[in-house]
Protein chains: 2
Amino acid sequence: MTSAYQHLTTTFQRLARFSHLSAIAGWDMQTMMPSAGSRARGEALAELSVLQHQILTSADVSSWLNEAEQETLNDVECANLFEMRRSWQQASLLPASLVEAKSIAGSRCEHAWRKQRPANDWKGFSANLKEVVKLSRQEAEIRAQANGCSRYDALLDIFEPGMTSAKLDRTFGDLKHWLPDLLQRVAAHQAQGHIERPVGPFAVESQRQLGLSIMKQLGFDFNAGRLDVSAHPFCGGVPEDVRITTRYNNNEFLSAMMGVIHETGHARYEQNLPKQWLGQPVSLARSTAIHESQSLFFEMQLARSADFLQLILPQVVAQFGAQPALNLDNFIRLNQQVKPGFIRVDADEVSYPAHVILRYEIERALISGDIEVDDIPTIWQEKMQDYLGIDTRGNYRDGCMQDIHWTDGAFGYFPTYTLGAMYAAQLFQAVKRALPNIESQIREGNLQPIFDWLQQNIWQHGCRFSTQQLITHATGEDLNPVFFRQHLEKRYLNQ
Amino acid sequence: MTSAYQHLTTTFQRLARFSHLSAIAGWDMQTMMPSAGSRARGEALAELSVLQHQILTSADVSSWLNEAEQETLNDVECANLFEMRRSWQQASLLPASLVEAKSIAGSRCEHAWRKQRPANDWKGFSANLKEVVKLSRQEAEIRAQANGCSRYDALLDIFEPGMTSAKLDRTFGDLKHWLPDLLQRVAAHQAQGHIERPVGPFAVESQRQLGLSIMKQLGFDFNAGRLDVSAHPFCGGVPEDVRITTRYNNNEFLSAMMGVIHETGHARYEQNLPKQWLGQPVSLARSTAIHESQSLFFEMQLARSADFLQLILPQVVAQFGAQPALNLDNFIRLNQQVKPGFIRVDADEVSYPAHVILRYEIERALISGDIEVDDIPTIWQEKMQDYLGIDTRGNYRDGCMQDIHWTDGAFGYFPTYTLGAMYAAQLFQAVKRALPNIESQIREGNLQPIFDWLQQNIWQHGCRFSTQQLITHATGEDLNPVFFRQHLEKRYLNQ
């Protein structure tokens, strides 16, 4: 007789196959699709999404979940069942009317934002955003009651299971305590050296070749993935066929280069998720923050280190030819420059956490009801001044209107960026303890021991363990921001 | 109250959205997907195909079809209902066990063929083919009983609704009567002139630019489609976003150029199917032969004419530079050269029908049971000798093993190539009657009147009319091979 658990694995396998098609069609939409295909594609993807929701929330799945709790399962199967229930609950909790209303309000707000942002039109934008916030609060309220937690924590849990605002307040509180001072000391430290900018143009095809060559060095499996171009870089596709993207600027190659390295970190995680469980929820990546920890491990911990920059500089020179800016010292300074600015996505790793903490504090207050949409610009202005010393008055475009996340109601996502950065520093520190000669090996291009360590400690586990278990097992302790601080002080102050 | 017909339109709209996703994922598989993605993609597409089959053959659809027959529908709705019933019947007739057995036998035969063909391994291939033929005969028998026709006619009807072997025997019989003699006269006629071959290499990027430039001239809408590369050229995607492909050979550019023109013919049909009915069966192309008539109208009737070749020669020279082979007379001779050979896909338009008639005669006898798989090589050899004067003894690779069609049981497809060529000639003749100055307009690049005529007479109708109605309405009579003969005699013998 087929067990309830077996029925569930068959159903989730089927759902994964449909997700495969929506992942590829979604990738195509961002990279290949001509404009006139947009409406039909949107309708096709929505139809599939309705189907997946129907399958997941069917009465069968609900009773199998209950029956399976009584069946004898091994550890992995238990973890798989846990994730299945989590998916089912995420999908079943909200009434269809709320899901639809939020989707419509989010699409409208995002669509209008694409024109309102360049026009600096806060008034127009805030009207749409109020509707999104209203519906997100309703969503948060329903989830909070089901989870027995606060509204904001219920949203946080979607992206980062197990994370709470109490825990965030501790870690981010620690960061806030030393970050502004660190930033000032780094500014003073870097004020002494002159940085030479590389002189372009940098042919797109050469930038692409450089990206491919570094991806190869970083172990990207080209039999199971591709590099393409999109307006907003991302890592998509499926574990068997990972699609990363970048965008090129003819006058500047470092952004695309570091962007490719960042997405390669995401990609290697995906490509090395446990093959034997693919198609089941337990095979998926642990969480948004752990995913980001892999991209930031590759980009920030590894690739912006002097050792790695020394390793790849010859590849850079091979593509663009020698020039004064491409001597090793200057190349390192270029990639380690700290310069607080308006825009989160352009921020260096020292100022980045300030951008995130600011957003976290605002969105948490917004969801709890402590502030309203109209309060955002003033609070934004105050916090940018406090944390980064930047004046954003009247500049909504490069201030509180710069991100896409809030437009479609993805409240609870921002903290994962900085959690990822902290996990990455903690993991890299553990790698250094496990591999004492790793710095010289990086300079020699022998990166395999690092990949083996990540494979062993992170990639192969999918989401079998909780984030806390995973990180404790890999590093000997739960999340600890001290490693991030030490990393920044070492890299930027030579301490 | 929702009518049965409305229920059907909603259901077929939903099926069309799923077909959209499978079309794009299928295109991706041929153009973008790295090798390791193959298995997961195959499983995902199969899962969607099972779902579509379930929806189409559900009890609801069956009863709505019956109820809708009693409802008051306009002409277009009647045609749509007719096509819905046809889809439903195609999907419902066969037992699932036969569909699965044929799919497995077909995949196995095709997969093995990819290695058996280069190895000239007829013995190994024929063992697999026998299983495919056995199952195809079973399929044909079931369809024949349902349609009240012969086995072969039942398969023909899948690709070319309304076509029968009796009608094919008349038209192909006519062709067979005059084609061998025409071929000999053309050979004698062309023996006099020397043809200079263009000297390469021809950079792939230049070939691509040439293709894009001709596609533009031919009215391809780049907001609703793309040109990419695949091992086997095809026209895929969806009407809102048509994806054509080609393949490039560094040493020779004419094949890719004419291939792009051919697929552009398919693409313009797809891009101009009736927008107001998209998502419904009546919006789809009429049939395989009518689709091929559009590609051959573009490639053979239009693009290989002296007028069109004169129009595009400057674009060719702009890409590759001037050289002796690229003077107008030689360029025309290159594109109008007749040279019987082993391979169907490489054949010129004069010898092509011989390849098709040979296959038609063999596959019809195979399905009816008049011959067996073991008889194929001898019959192939005799007919190649008779029709084209070519000796294929012992050469299975370039003989009866050259095509993919039979490997997965697509019996009944081959005739549509030559039907397409005949329809194309008949349509072009009608265009010339309607547009007396069209030859000079082609030389001047004013192709819009031709596109308008095709839009008016073919594209905008989808499959609202039967092939016979469509072609009679467009040209004043049903299929008549005399136009094809006149076209060949005029182009190749100046008669």
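How many salt bridges are there between chain A and chain B? The count is ten. Keep in mind on this tour that the model is predicted.

**Stop 1: the contact between the chains**

The size of an interface is often given as the accessible area lost when the parts come together. Here the two chains bury about 2800 Å² between them, and 61% of that area is on carbon and sulfur atoms. On the chain A side, select A:Arg17, A:Leu21 and A:Glu47, which lose the most area to chain B. Together these three account for 21% of what that side buries.

Next, zoom in on A:Arg17 and B:Glu47. They form a salt bridge, with 2.8 Å between the closest N and O atoms. Now colour chain A by element.

Side chains of opposite charge can pair when their charged atoms come close. If you draw polar contacts as well, the count between chain A and chain B is 14 residue pairs, both residues at pLDDT 80 or more.

**Stop 2: helix H2 of chain A**

Stay in chain A and select A:Ala46, which is found in helix H2. Its relative accessible area is 40%, so A:Ala46 is partly exposed. Then select A:Ser22 and draw a line between the two C-alpha atoms. A:Ala46 and A:Ser22 are 24 residues apart in sequence and 9.4 Å apart in space.

In helix H2, select A:Glu43 and A:Arg39. They form a salt bridge, the closest N and O atoms being 3.2 Å apart. Why are A:Glu43 and A:Arg39 separated by about one helical turn? They are four residues apart in helix H2 of chain A. An α-helix has 3.6 residues a turn, so residues three or four places apart point the same way. A:Glu43 counts as partly exposed because its relative accessibility is 27%, whereas A:Arg39 is exposed at 65%.

**Stop 3**

A:Lys134 is partly exposed, with a relative accessible area of 42%, and A:Glu131 is partly exposed at 32%.

Move to chain B and select B:Asp307 and B:Arg443. This pair forms a salt bridge with its closest N and O atoms 2.7 Å apart. It links distant parts of the chain: B:Asp307 is in helix H12 (residues 306–320) and B:Arg443 in helix H17 (residues 438–443) of chain B, 136 residues apart. Is B:Asp307 buried or exposed? B:Asp307 is buried, with a relative accessible area of 14%. B:Arg443 counts as partly exposed at 36%. Over all chains, the count comes to 66 salt bridges.

**Stop 3: A:Glu263**

Back in chain A, select A:Glu263 in helix H10. An unreviewed UniProt entry lists A:Glu263 under "active site". A:Glu263 counts as buried because its relative accessibility is 8%. Which residues does A:Glu263 touch, not counting those up to four places away in sequence? They are A:Pro233, A:Phe234, A:Cys235, A:Ile244 and A:Thr245.

**Stop 5**

Select helix H18 (residues 448–457) of chain A. Its buried residues include A:Phe451, A:Trp453 and A:Leu454. Among the elements that cover the buried residues of this helix are helix H9 (204–217), helix H10 (254–271) and helix H19 (467–475) of chain A.

Last, select A:His461, in the loop between H18 and H19 of chain A. A:His461 counts as buried, at 12% relative accessibility. Its side chain reaches the backbone oxygen of A:Gln456 at 3.0 Å. Leaving aside neighbours within four places in sequence, A:His461 is in contact with A:Pro274, A:Trp277, A:Val282, A:Gln456 and A:Leu470.

Methods. Residues numbered from 1 in each chain as written. Chains lettered and ligands numbered in written order. Predicted model: local features only at pLDDT ≥ 70, side-chain atom pairs only at ≥ 80, totals over all residues. Heavy atoms only, no water. Buried area = accessible area lost by both parts, 1.4 Å probe. Salt bridge = Lys/Arg side-chain N within 4 Å of Asp/Glu carboxyl O. Polar contact = N/O pair within 3.5 Å; in protein donor to acceptor, adjacent residues only side chain to side chain. Buried < 20%, exposed > 50% of the residue type's maximum accessible area, 1.4 Å probe, protein only. Helix = DSSP H or I, 4+ residues; strand = E, 2+ residues; numbered from the N terminus. Contact = heavy atoms within 4.5 Å. UniProt positions renumbered as here; feature names shortened; annotations may be inferred.
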